[in-house]
Structure formats: C-alpha cells, structure tokens
Amino acid sequence: MRYGLIVLMLGIAFAPCCAAADDPPDTQRDAPALSKAEEVARAVRVPVGFRVSVFASEPLVRQPIAMTTDARGRLWVAENYTYAVAPTPELEAVRDRIICLADTDHDGRADERTVFWDDARELTSIEIGAGGLWALCPPRLLFLPDRDGDDRIDGPPQTVLEGFDLTPANRHNFANGLKWGPDGWLYGRNGITHVGHVGAPGAEAGERVEIGPGIWRFHPQTRQIEMVANGTTNPWGHDWDRHGELFFINTVIGHLWHAVPGAHFRRMFGADSNPYVYQLIEQTADHFHWDTAEKWNDIRHGVTGSTDQAGGGHAHSGLLIYQGNQWPAPHRGAVLTINLHGRRLNVDHLERAGASYVAHHGQDQFFWSDPWFRGIELLAGPDGGVYVADWTDVGECHELDGVHRSSGRIFKIDYGTHERAAAADLARLDNLALVELLKHENVWFARQAQRLLTERAAAGGDFQKTVQALRRLFDEQQDVALQLRAMWTLYTCGAAPEGWLMEQLAHVDEHVRTWGVRLLVDRGAASDGAIERLAQLAKEEQSGLVLLYLASALQKLPAEQRLAIAGSLAAHEELADDREFPLLLWYGCEAATPLFPAQAVKLAVGAEIPLLRRFIARRLTQEADRAPTGLAALLEAARASNDAAVRRDLVAGMAEGLRGRRRAPQPENWQAVASALEADGDAELRQRLREMAVVFGDGVALDELKKLAASAEADLDTRRSAVEALAEARAEGCEAIFEALLGDGDLAASAVRGLASFDNPAAAELIVRRFPGLIPTAQDAALETLIARPTSALALLRAIEGGAISRDFVSIFQVRQMQAFEQPEIQDKLRAVWPELRPISADKQARIAEVRGRLTPESLGQAKAGRGRRLWDKSCAKCHTLFGEGGKIGPDLTGAQRSNLAYLLENVIDPSATLAPGFRMSTLALTDGRVIQGVILSKTEATWEVQTPTDKLSIDVNDIDETADSTQSLMPEGLVDLLAPEEIRDLVAYLMSQSQVMAAE
C-alpha cells in the first residue's frame, strides 16, 4: 500500500474506486539520475509565445502508453508496465492500469486520479465510446462497460475480438492505436511481426480476418473487422485531416503514409499476403527524418549531425494533425509526430499532389533536452493545447536495458495566455446543441459531438429534428470541412441514404465527392443504380483524389463490375506516373482479372497506364494452365496493336508471369505471334520473347539462347538472362556451355546453377573439382546446389574429407540439411567431418542451463567480441542483420533482447521455440531429386517463391513432388554443438554487444 500513502501525503484526491497496488519493479540498468519533471518542462525549446508545463508526473502517472479524452475533457491514460518483456516470476503479478486524470482547480495540473481498471496485461491503447471504454490488450480487444458514466466498470471486461497475435520473440510490435474515425468505425494499427487472425471469441478460421502490418478497423454495431491498408513496419500514430484523410506514422522505411483503403504499402521485410499485388506503394513524405546514407540502427551510437539536421532519426511515435484553435494559424493543419531519438516534434506539411498528397518537412520547433524523454503519444484537448505523453526511460521500444516503471510524465504545450476553466460536460447537451458544436473551430468539440450523436442515434428515439439540423448545416455551410462534418454525422447516425450520397457525387468540391464514393461502398452492397452512377463518375471525373478513391472502391464492388469501371479510370494518362493511382487501380482489378480474361485483355490494350497493362498480362499468364484463353488473347492483342509501348508492356508482363516456370503449354497462336513480334526490332522485346519461347519448348529459341550465352560479344545482361533461361529450361546440350563459363567471374554463379539443374553425377563432380577456383558468389551457389541432392552432397563430403575443400565453407544450416538425408554413407561422412556434431538435444532446457552456467559474468568479461564477430560472419550473417550488416532472410537482431542472456540462449539453442510464422521452414522434394529447405514466401497457381539461406527461388509447381511444413525455424538447431566453449563465449559476447566491433582472429 506504499503507493497509496505517497499519493495521500501529496494531497491528491482519489475517487472511491481507486485500487492501490504494489509498485512494479524497475529493471533499468546504468541509468542517469531521473530528471525532475518541472525542470524538464522549463528546458524544452519552443517558439516565442509557446510554453510547456507539466500536467502530470510520477507518481500520479507512470508509463503512459496511450491517451484519450472524454466528453468532460478529462484525460484518460493507459499505464503499461508489461511492455516488451517476457513474463518472469518477478513480473508475473504485474498488471497495467487505466486511469482518469482531472484538473479540478483549473491550475493546469492534474489533481484527481481515478483508477478505472487495474487488471490489464499488454495494454497498448484505450478509447471511450458506446457506453464504456475500449481497451486493446493483445491478443484481445476488450469492452469495459460503464453505462451510467460513474467511472466504475459495470461488470467484467467483455472480449469483443481475439486473435491479435502476440509473438514471444518480439514483444514491442503489436496491435495498438484505438481511435474513432469520421465514418464511425474504431480504427487501430498493427506491426509487421505480429500477424494475427482476428474474429469474435470462438470464431472458426473461415470467419476470421488476417490482420497484418498497417491500419485496421472495427465497427461497434456490426462487429465487422477488416484491414484498411496493408504494410510498413510498426505504425504507432495516426490522425485524420480536416477533410477526413487518414495519415499514419512509421519507422525506418518511411515515416508518413496516406492510408487509402485497400492500399498495399512497402514493408520493412517479408512479402505481402497477396502474391499478386506485384508492387507496393511508397511513403507520402518526400523526405526522411534521418540521413539514409547511414545504417538505420547507427542511431544507437548517437544522433549524427546530418541526421540531426534531417529531423533527428528514423523512429516515430504519436501523430497529431493540429486542428485546434489555440495555436497560431501557421501551425493549423501541420502534421506533428514525436521523433524518439531526436527528442523533438517533427513537423510536416501536407500538399495535394496528383491523385494523393505529398508531405514536405517543415521547421521542427519543439525540442526536449532531457535524456529520459521518450515521447510516445500526442493529443489535443478542448482548450486547444497539446498533451505529450512521455514514457520516461533511457532505453527505447526494444527495452534492451530494462524498464524504469516508476516514472512517467504528461507535458502540455500551450500558446499565449488564456483563462483556464472547466470544460462543459458535452454529454449533458441536447442534440441540437451538439449539432452546433460541429461548427466549432476546435475539432475536439466536433469529434466529441459526432460521437455522442452517433451513440444516441444507435440507442433509438426521435431523431427527426436532429437530422433536419444536420441537413441544414450541410446545405448552408460554405466551409467544406464543416459540410464534411455534417455529412459524416448524418452517415454515422444512419441518416445518409444511398440516394442522397449519390447526389453528392456531383458536388462542387472534390472532398465531398470523394466521401460520396467512400460511403456509397462502405454502407454495404451497392445497388445497381449506385454502381451505374460510380461508373459514370469514373468517365467524367477530373480530380485525381476522387479518381484515386474510385480505384480504391473497386475492391468493394462485385467482381463482374470492376473491369468496366477500371477501363474509364485507366484512360487517365496524366496519372500514369502517380505514386498511388496506378497501383490502387491494379489492386482493384487483380481479383477480377482471371475471372473475366477477355474483358481484362480489352482493358489492358486500351489502358493509358503502362503498369496496369503489364500487371494484367502477368496475372493472366500465371493463370494460363487453368484458363489458357487469356494468354492466347494477350498474344493476339500484342500482335494486333499498333502501339509499340503496348506490345512491349504486354510481352513484358507475360514474360514475368512465366518466371520460375520450366515448362508451360504452348498457346496455339504462339508461333505466328512470336514471328510477327520479332519483326518489331525492339531488343528488350526480342529478349523477352526468347525467354518465353524456352518455357513453351521452342527449339529455335533454345538454339538462339545457346548462342547468346556462349557469345563474348553479347552484352552481359543478355548473356546472364540467356544462361538463366537455359538453366530453368534444363535444355539439352547446355552443360558444356555452363562448364565453359565457370571461369567467367560475371557468369560463374549462373553457370553453377545451370549445371546443378541437371541431375547428373558428373556435373556435381565437376563443380566439386572446380570449387576452389570459383569466385565467392559462385562458391555460395555451388554449396547451395551441391547439398540439394544426396549424390552431390556425397561428392561434396568426400571432397571435404579428402582435404580438397575446407569444411569452413559449409554453414551449420547446410550441415543440418545434409543430415536430413538418410543414406548411411552421408551420415558416416558427416560424423567423420564434424565429429563434434551431436544429435539435436532432447532436453534443450538442460542444454541452455549448461551453456548459461559456463557463461558467467567473469567468463564473458574475458571474451573476445571481435572473434565472436568472425564466427557470426561465418555462421549467421547470411541470414540475419546485426548493426546494419548481414542478410535479410531472418529477423534483424539489432533490436532483439540480446542483453538478456537467457532469452539469447533460448533463441540460439532452440530457435523454433518463439518463432514468428513468417520464418517457419518447409522442405520441398523436387521431381529432379533435389531437396530445397526454406521459407515459402508466396504461392501462385504456377510457381512458389522460396527463400533459402542463400537465395530466393521461383519454383514451378510441377517440379514439386512433395512438401512438408515444419514448426522449425529456418535457423538450424545445434549451432553451439559445432563450437568450442571459448567460441560460444566469444559469439555470445558479440551478440550482446551494444555497438559494432571489428572482426578479429
């Protein structure tokens, strides 16, 4: 009860429901003295006229991870003590809290604290509405009822949704960010390492929705959940501008994104869940807030001058588009986000450009100097001031050095002087008064008014006068932002029928037309009349923004209607190079393309968007085995077109669609079309046709490719393409060509793969003999191909045993793959070459304890991290990135909990224990005798894309004889079994390093 006594001594009033709890432990190591909140506030650098005050600090608030406000203007805070750390006996009893802070004496500082709920785990976000409070506690979305508004939970928390994944291997990148959208949905965010399958409690798999990285939303009445926009890394802030456009913040790969529904954005790693999107959308901002010439994780060594000048660093949290009435006019509409490492608020300014927006970097004007400042959330209040939640720690989101749970601050940024007064309880106002508040110059009042009106409409009763008032507001206002507020409220109150929305498609303002499109397809299945009107708008519309949302809307229309509307949208040549429009248009066409091939071909030929032409051709080609008429029609269209660009795009798309295929049925019109197109004279087109011809079994094309591969006069790219095409085709008579190219540094790796494509023991023996003289990239290719078949693996092992090839070339992964072969001779050779290799331990915990027992602080103090890096480079760097260097196959380990020895050893000795689904391994037995082990990135009807430790392969499905999925990691077990005790010590010391070290012998 110590905490309660401290608070009472400070004179802070508690509501009766407050439940005191034991202080959660601080685990932060080597921290400087905690700064005093008032001193921190005074030291913040702000523009003239601004001031920063402390609204609340420890012990009144601690670990604030999220904030919201209620209709009385009070601040509700989520306190999180369980973030980013695995449960331990010490932390098992720790719980997160939801508190309410109020300033009852209006002096600018909270003096009343009510604990609403203190039994949460992994609490990331809260929001108020619909008669209670919503709490996101992955893997669950909870509703905490408080129907009478007495700040006491009415009963047990209700699980509304479940399935927001919480992967033990990464505890900082999960679902967060609850906020009401202008459309009445509850929006949230999700990170890239926690892909969940979300649905109502107990829902069957088919009733659940995959929630991956990006923005999702949930409707409180219909209980529907859906992804809004897919991609990025770890979004931790979003807001809507005055026109209802949603923007969100992110880290590393770009910080600001325009969340158009149905978008697929660039990801930090991994593949999009839809293998047919083909290309992802880049960020909205035209700049980065860090020096991209540096490695993103160099920031842990400090902010360089160039990164400081750019904006302070790659990590962002919290996003607020300022729409209050207190700050000066130049700040209104500015995008504010907290730069974690730069300890400042970054400022971006949005500008309409093309079909969407572009964000320019403004002048950053709010700077903290406190090393403890870890801003995490921004929120504007009823007086127009801005709250800044400060996590107050010296670590970062990965919490590598522990957590300081006893600290936390909420600062407030105000401009000028104004009288502080109690905010009115808006919930006490009648409906017409709330309608008037929609006109308020501070958007806080408008958003609260819309929420309250929406809830009252859902509760039933006479709403006729309210609807009339909303209609008058819409009809009479000249300010489009106020018209939109009326429009959104009519919609969320169920008073925007389809006919009225269709009328708004003729509105003079592009933003109203945009929302007319959005709401027409958002309200459920659109009528035939609505679809006809959308099709008409697609023909007539000139606004890029409206066209963008029409492209977005295609994904919600019946498949049979999409391509006709897309044809009108694809006529807008002026948007061919737009960052978003061509891709949103393709995303809307993708699912319909294989269903209506003739219509899709017609769309491709008539489109003024090259990307759409290419992607339609690619998609239909990938569907050719099941529906060959589409490919034949594409070929005929390419021959018939008088436009060289159309021919080139269609052929390029078809060639891309055949990539990875060894054989495909030759269309009946192939020979005639290929001959006609050859006369085009375009070198790129001719090369594409040759590649296609090989897959179609055209002997003439094979002969031509053989000549190109062997010709020293052909350009390098052409020769390499020829070698790879011959290898994929396993064309007869090519082995001699591949053998001759083994000494060519530019083509050796391709030649090795070409030889390995033949199940020929003589080819394997040749690769083994030539191995010492190959360049490193060719050696990597050689090892990958040699271990794929028992016969070639045996040839490799014999060479290693005989001393012709050093065993140091072979990674632990490759050793473990050869262990999977059951031939006694292979097993004997492995034991002879690696006598220290033991069977995988049946009791890994004992092995972990054994290794941990040797790695005492004294032992690690004698370690040579430089030698550990050399071992890392040999065994781990091909798959993992550390300190910005290494491969991208496995997770980036720079931010993992490497300072935690138990966690580190668990992941090294038993890598499958806490494995994210995206890194689980599969074994593919191929019809040619090879065995491929890796992570399946994507599957189409024709090809699978597989990531091995050294390469990304496209494999024809007809070449796959058998597959076996595994719960095992791509990272092999038994790594430490191959290392001497001092090598284990050195490797662990390197893995636990806080900065990069030089490799040493």
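The legends below describe close-up views of a predicted model.

**View 1. An open antiparallel sheet of 4 strands.** The strand order is E7-E8-E9-E10, and the pairing is antiparallel. Strand E7 (125-128) and strand E10 (158-162) are the edge strands. Each of these two pairs on one side only. On average, neighbouring strands of this sheet are turned by 20 degrees against each other, direction ignored.

**View 2. The pairing of strands E8 and E9.** Strand E8 covers residues 132-137 and strand E9 residues 140-145. They pair in the antiparallel sense over 6 bridges. Leu136 has Leu141 in E9 as its bridge partner. Strands of a sheet pair through backbone hydrogen bonds, either parallel or antiparallel.

**View 3. The aromatic pair of Tyr83 and Trp391.** The structure holds 29 aromatic pairs. Tyr83 and Trp391 form one that is edge-to-face. The ring centres lie 5.6 Å apart, with 70 degrees between the planes. The pair links distant parts of the chain, 308 residues apart. Tyr83 sits in the loop between strand E4 (75-79) and strand E5 (96-102). Trp391 sits in the loop between strand E27 (386-390) and strand E28 (409-415). Both Tyr83 and Trp391 are buried.

**View 4. The aromatic pair of Phe771 and Phe809.** The ring centres of Phe771 and Phe809 are 5.1 Å apart and the planes stand at 85 degrees, so this pair is edge-to-face. Planes over 60 degrees apart count as such. Phe771 belongs to the loop between helix H24 (761-770) and helix H25 (776-786). Phe809 belongs to the loop between helix H26 (790-801) and H27. The pair therefore ties together parts that are 38 residues apart in sequence. Phe771 is buried, at a relative accessible area of 1%. Phe809 counts as partly exposed, at 38% relative accessibility.

**View 5. Helix H27 (residues 812-819).** Of its 8 residues, 7 are buried, so helix H27 is largely enclosed by the rest of the structure. The buried residues are Ile812, Phe813, Gln814, Val815, Arg816, Gln817 and Met818.

**View 6. An aromatic cluster.** Five side chains are shown: Phe50, Tyr322, Trp327, Phe366 and Tyr415. Together they form one aromatic cluster.

**View 7. Arginines over aromatic rings.** Arg217 lies over the face of Trp185, at 3.6 Å from the ring centre. The charged end of Arg618 sits over the ring of Tyr278. Its distance from the centre of that ring is 3.8 Å.

Definitions and conventions
Residues are numbered from 1 along each chain as its sequence is written. This is a predicted model: local features need pLDDT of at least 70, side-chain atom pairs count only at pLDDT 80 or more; totals for chains, interfaces and linings use all residues. Side-chain values use heavy atoms; hydrogens and water are left out. Two strands pair if DSSP finds at least two bridges between them. Axes are lines fitted to C-alpha atoms, for helices over the stretch in contact, and angles run from 0 to 180 degrees between N-to-C directions. Buried means under 20% relative accessible area, exposed over 50%, partly exposed in between (1.4 Å probe, protein chains only). Rings of Phe, Tyr and Trp (its six-membered ring) pair if their centres lie within 6.5 Å; planes under 30 degrees apart count as stacked, over 60 as edge-to-face and the rest as tilted. A charge sits over a ring if NZ of Lys or CZ of Arg is within 6 Å of the ring centre and within 35 degrees of the ring normal.
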